[in-house]
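Subject: Model handover

Hi,

Here is the model for you to look over. My notes come after it.

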Amino acid sequence: MGTAVRRHLLVPILLLLAACGGRPAPPPALTPVPTAAVSGPRSGGTVVVGILTDVDNWNPFLVSTSTAEDILALLYPTLAVEQVDYRDHPPSFTPNLAESWEFSPDRLQLTFRLRPGAVWSDGVPVTARDVVFSWKARISPVLGWGGSELQERIASVTALDDRTVRFTYHFAYPYQLMDANDGPIVPAHAWEGIPFETWERVDWSRHILSAGPFVHASHEPQQQIIFERNPRHWRKGHPRLDRIVWRVLPDQSNLITQLKTGSIDLMEGIPPIEAEHVRQHPRLELIVFSDRSYGYVGWNNRNPLFRDRRVRRALTLAIDRTTLLDTVLRGFGRLGVGPVLSTMWAFNHELEPLPHDPGEARRLLEQAGWRDRDGDGILDRNGRPFRFELLTNAGNQVREDICLLIRDQLARVGIEARPRFIEWGALISRLQRGEFEAYVSAWREATQVDLAPIWHSAPPGEPTMNYVGYSNPQVDRLLARVGRLSTIEAQKPVLDRIQALIVRDQPYTFLYEGERLDGLNTRVRGAVINDATPYFNVDEWWVWDDPS
Amino acid sequence: MPPARPAGLRGEPVLRFALRRLLTAIPVLWLVVTLTFVVVHAVPGSTVDLLDNPRLGPHEREVMRQHFGLDLPLHVQYVRWLGGIARGDLGVSFLYRQPVRTVVVRALPPTLLLTGSALLLDLLLGIGLAVLAVARHRSWFDRVTTVLSLGLYGMPAFWLAGLAILVFSLKLGWLPASHLHSLDAASLPPAARLADLLRHLVLPAGILGLAGAASTARYLRASLLDVRDSRFLLAARARGIPPWRILWIHALRPALLPLVTILGLSLPFLVSGSLVIEVIFAWPGMGRVMWTAAWARDIPVILAVTLLGAVAVIVGNLLADILYAIVDPRARSW
């Protein structure tokens, strides 16, 4: 397939399990927030973040969870910072370890100037050598770093001098800066002597350095991580916090409890059912933002039941997605439209969500030959009733509820969906083998728009995420073409066309575009939390109540 | 029910006996790990697909599959893994990308602390309650403890844990609801640090121990009632030995014999920890390691923990046999 994928994710089992039901106990020993008394930012204090999973490895090239990746990014920063301004254009970048960058006139070379004040926590300056070494780690096949495939478009990385490093590309394309910036910068002077082949046998907690706002102070596995202010950080007066602490709590309901009691200040991924409790809590703020995910029903396009485009359209029309959004998701999200999120620059603004129209659904089904001939309330064709199994991963309350709602709504047009909840690994394995009729899941969309992994009809045997077996030769051709266009302006019309075709074909029913809910204690000030990372501007955070 | 006497213990030096038993255990261990190997590979889904890492696309996951050797035929993977075990190498965790040994060794002490304290509480409370219940046989105390212990025995640990957190942490604020230490425990003097650890231990160990004590008490009560009517106790009573002494010494000793077996058999519990309790209380032990590994299909870790559990079962059985022979002279001849 040759196309790259980035940050595509089956949003898995984490955003789930809303346990506690009743009203929370009034928090003891909390004083009201004297909003008026709060003046400007001040330095000092500690923020405690609750996380479900511990940092699994202290080498950023070996971590396997986003939680760990986000935390390690505070020690091993990137050259630039990707902004979340992707609504009207691909994301822009602000300087970080690099203070500036410049393309050659033919756009085949990108040269970064490193920030003079950037040093590792042992005092050694951050140099071009670090950047070259980090790039070697990105592409090392023994490390198998996620994102390595994107680096194939980069031909070489060379250090011109200590502070200047040049990326050379095979060809020009819209995401050259994004790819060069994709990946942490790690210390060559400390790690270069350790061959990549042995990295998995190394205790990386003994080799931690930092070029970011914080330094690693301590780690008790599965318990807590403490970072302290990096006195050598290039940005003077920052970070404001003395410390940031992560408490590992594998139980989500316990995490929510501790957020409410004030034991932790920040928690990612509040289940929608808990949102009101958090919002009404006097010391908590509910932060809501698009998490670049969309939920969908995948219809197995190879299955005789769903092979007909009219049938798939009818299924979408029969499902009342507004109700779904209002009940299951408590209103957090927007209606799904197509394969590109409506908040993304690449979205085709001529497309609109399909309406809820059971009458039209019945008409389309009849056109496709589905009628209730035996009077049992279920449509049939050639003696076969319209009945199928609707899968999702067990334990994800939101998705289980969605399945039940879909069952009820499809029953009204004479279709029998039988929800079945199976373990996540078992589900993925069935999807990969195409052994399913329909399933409910979600994708997270990358800021680098690439529709091929999900929508291209990959040749058999190729690894793909096109589980539903969608195959439209026209879409295949357009996907191949868009990969060869070197500018966004040239890509956009083709992307629009692809979206229109996919929405017409309805290989999925696009249910909703998701939002993430985070809970933050109001003692934490100045925090900007977004879908890039919870620690987006962590060096600006401050707390108002700390006695020190 | 006392166990059958260890076959072959009669007339054999205890050390030789132990050695012989351990050697015959090797095929059993091999069978256990082989079966586990087959089962974990038969379970649908693989680590590579389950990794919650948005950076991994299908091609990158394929590279990873090859890197972990998951693309090799099963028998090749098996021989590789067994060869590693024979050399004492448990492999590298797919999830942590670190040696399995590191992952397991780091989880063992917290689990031993938790399960050891739970077992201690289990025995002390279980024995105490049983003896008191028998001393006041058919009294209200007996009835209340019977109902309570049956109730406790039947309660799911996760429910009991939730209730305990609600009452003791949230409402009363007496005890911490999770973790080994408080946030700033590292800066405390040693004595205060120990006290902090113990405070964190109370809820998880208490719940584990209480559930165990309930069954121990039921078990021992039945055993004591059996012994109570035996002739040697009648003789003791006839000699005018005070009732408390008869109960606590003369009756308890024979009644405790089955407990020795239970003790030996609890070794696997000691090393493998409690999955539910460790997850709820964020206790960094073996149960958590196994839980995470099972979700993530981290096969090297699953196999290593199973191996450890199997070894513990075998050693525990052996210990039970030997202990039994030590406390019951009828069962030994060395």
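Below is what I found, chain by chain and then across the interface.

First, the ground rules. This is a predicted model: local features need pLDDT of at least 70, side-chain atom pairs count only at pLDDT 80 or more, and totals for chains, interfaces and linings use all residues. Residues are numbered from 1 along each chain as its sequence is written, chains are lettered from A and ligands numbered from 1 in the order in which they are written, and side-chain values use heavy atoms, with hydrogens and water left out.

Chain A, domains

Chain A splits into domain 1 (77-201) and domain 2 (291-515). The bounds come from an automatic or database domain assignment. The C-alpha centres of domain 1 and domain 2 of chain A are 37 Å apart. Domain 1 of chain A puts 15 residues into the contact and domain 2 of chain A puts in 13. Contact here means heavy atoms within 4.5 Å. The area buried between these two domains of chain A is about 1100 Å², with 56% from carbon and sulfur atoms. Buried area is the accessible area (1.4 Å probe) that two parts lose on being put together, summed over both.

Chain A, the sheet

An open sheet of 4 strands runs in the order β5-β6-β8-β7 (chain A), with antiparallel pairing. Helices (H or I, at least four residues) and strands (E, at least two) are DSSP runs, numbered from the N terminus. Two strands pair if DSSP finds at least two bridges between them. The edges are β5 (98-103) and β7 (154-161) of chain A, each pairing on one side only. Neighbouring strands are turned by 20° against each other on average, direction ignored. Helix α2 (residues 128-139) of chain A packs on the sheet and touches β6, β7 and β8 (164-169) of chain A. The direction of α2 makes about 160° with that of β7(A). Axes are lines fitted to C-alpha atoms, for helices over the stretch in contact; angles run from 0 to 180 degrees between N-to-C directions.

β5(A) pairs with β6 (residues 109-114) of chain A over 5 bridges, in the antiparallel sense. A:E102 has A:T111 in β6(A) as its bridge partner.

In α9 (residues 358-367) of chain A, the residues A:A361, A:L364 and A:L365 are buried. Buried means under 20% relative accessible area, exposed over 50%, partly exposed in between (1.4 Å probe, protein chains only). These three cover an arc of only 100° around the axis, which puts them on the same side of α9(A). The arc is that of the directions from the helix axis to the C-beta atoms. The buried residues of α9(A) pack against α7 (309-318) of chain A. After α9(A) comes A:G369, with a positive phi near 95°.

A:P271 sits in the loop between β12 (266-267) and α6 (275-280) of chain A. A:P271 is buried, at 6% relative accessible area.

Chain B and the interface

Chain B has 14 helices and 0 strands. Of its 334 residues, 49% are buried. The C-alpha atoms of chain B fill a box of roughly 85 × 60 × 40 Å along the principal axes.

Contacts join 61 residues of chain A to 48 residues of chain B. The area buried between chain A and chain B is about 4800 Å², 52% of it from carbon and sulfur atoms. A:E200, A:R201 and A:Q223 supply 13% of what chain A buries against chain B, more than any other three residues.

Best wishes
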